[in-house]
Amino acid sequence: MKKIILTGDRPTGQLHIGHLFGSLLKRVELQDQYDSYIMVADVQALTDNFNNPQKVRDNVFEVVLDNLAVGIDPNKSTIFIQSMIPEIAELTIFYSNLVTVSRLQRNPTVKEEIKQKKELFKDSVTFGFLGYPVSQAADITVFGADLVPVGEDQLPMIEQTKEIVKKFNSIYGNILKEPEALIGSVGRVKGLDGNTKMGKSLNNAIYLADEPEIIEQKVKKALTDTKKIKIDDKGNPNDCMVYYYHKIFSQDNLRNIETECKSGKRGCVHCKKELSENIIKYLEPIREKRKYYQNKPELVREIIENGTKKAKIMASETLKKVKEGMKINYF
Ligand code: ATP
Ligand code: MG
C-alpha cells in the first residue's frame, strides 16, 4: 500500500511563490509515490476570518486553481474541502481533551500569529484560533498521513500533532499514526519587503497568478541594499531582496550577479529587470495552466466534489476506529 500525504492551504488568498517552494512543488513531486490528500482548510481559515465568510468562500476556488496550476493532477491527488468532512471536527473535539491551554499558548507560530492579529483579537484570543493546531492534528491523523509537506512555520503544528497521537494511543490503544513533516526546497520564503515570511495577508508576495507587468512592478519596489545608490556603488547582495530571489530563480547566473554587484559593476535597475524576466519565464506555464482551469469552473467543481467524496470515505473509517478505542461506539 502507498504511504499517505496530507497537506493543504487556507483559502485566505491566492497562493504565491512562498507556497510554491515551501510546499506545492513537493506535493507535485510526491504525488506519484504517495496517496496524496490536499485540503482546502476553510474551517481553519474561518478561525481568523470568521467575520469575512465571503473572502474564505471566494478563495476556495482560487487555492484549488493554484494547486492545479502547479501540476497537481486530480487523478493522482485528492483535493477536498475541510468543512465537508465533519469527522475532522469530531476528532478535534476528542483531541481537545489531550492538550492543555498552556501548551497551545506556548506554540511559537500561534504566538506570533496572535501578535499579528491584534486588531482582530484585541486583548483575548478566541478559543477557536488558539485551538487550530488541535484541528490540524485532526486533519493529519484522520487520513493516517505519514508525511506532511509544509513550510517551516508549520513545524510546531506537526510537533503538536505527534504529542496528541502519543497521548491518544497511550490511552485508547494504538490507533493513530505519527506523521513526519517534510520541508520544501526553501522552508520559508521571505517577502519582497524583507519580511521573514512572504504571506498572503502581508502584501509582500508575488502570486502565481500575477501577470508579467505586475511582477515587474513588484520587483521594482523590492527592498535592495540601501547603501548602494549609484550604479557603480559596491553592493552587498546579502542585504538585498533582489539577490535573495536571484538565488531561487537565477541559479545559472548567480556567481556573476554576486561578483558584479559586489564590485560595483551592476546597477539595481538592470538587476531587477533580469530577475523579473526570470520569474516571469518560470511562472509562465503555471499562469497558463491556471487560466485553463479558471475557464472551466464546472470541471474544477467536479474535481473538488469527487475528491471530497473520496476523502470522506477515508475519514469515516478512521473515526470508526477512534470511536471503538474511545468506547463511544454505541450502535
Ligand atoms: P495565512 O496568512 O492565511 O496563514 P499563509 O501564506 O501562511 O496564509 P497557508 O495557507 O497558511 O499560507 O500555508 C500553506 C502552506 O504554505 C503551509 O505549508 C505553509 O507552511 C506554506 N507557506 C506559507 N507561506 C510560506 C512561505 N513564505 N515560505 C514557505 N512556505 C510557506
Ligand atoms: Mg499560514
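Biologist: How many cavities of 30 Å³ or more does the count come to?
Modeller: The count comes to one cavity of 30 Å³ or more. A cavity here is a set of points, on a 1 Å grid over the protein atoms alone, where a 1.4 Å probe fits but cannot get out. This is a predicted model, where local features need pLDDT of at least 70 and side-chain atom pairs count only at pLDDT 80 or more, while totals for chains, interfaces and linings use all residues. Residues are numbered from 1 along each chain as its sequence is written, chains are lettered from A and ligands numbered from 1 in the order in which they are written, and side-chain values use heavy atoms, with hydrogens and water left out.

Biologist: OK, what volume does the largest cavity have?
Modeller: About 110 Å³ for the largest cavity, where a volume is the space filled by probe spheres set on the grid points, joined across faces, edges and corners.

Biologist: Switching topic: how many residues surround ligand 1?
Modeller: 21, and the closest are Thr12, Asp153, Val189, Lys197 and Lys200. To count, a residue needs a heavy atom within 4 Å of the ligand.

Biologist: Which element gives the largest share of that shell?
Modeller: Helix 1, with three residues. Strand 1 (4-9) and helix 1 (17-30) each supply at least two.

Biologist: What about polar contacts?
Modeller: Those are pairs of N or O atoms within 3.5 Å. Polar side-chain atoms lie 2.5 Å from a ligand 1 oxygen for Asp153, 2.6 Å for Lys200 and 2.9 Å for His19. The protein buries 95% of the 590 Å² that ligand 1 exposes when taken alone, by the Shrake-Rupley method with a 1.4 Å probe.

Biologist: Zooming out, how many helices and strands are in the chain?
Modeller: There are 15 helices and five strands. The C-alpha atoms fill a box of roughly 80 × 45 × 35 Å along the principal axes.

Conventions. Polar contact = N/O pair within 3.5 Å; in protein donor to acceptor, adjacent residues only side chain to side chain. Helix = DSSP H or I, 4+ residues; strand = E, 2+ residues; numbered from the N terminus. 1 Å grid on protein atoms, 1.4 Å probe; cavity = no way out; pocket = protein on both sides within 12 Å on 5 of 7 lines; lining within 4 Å.
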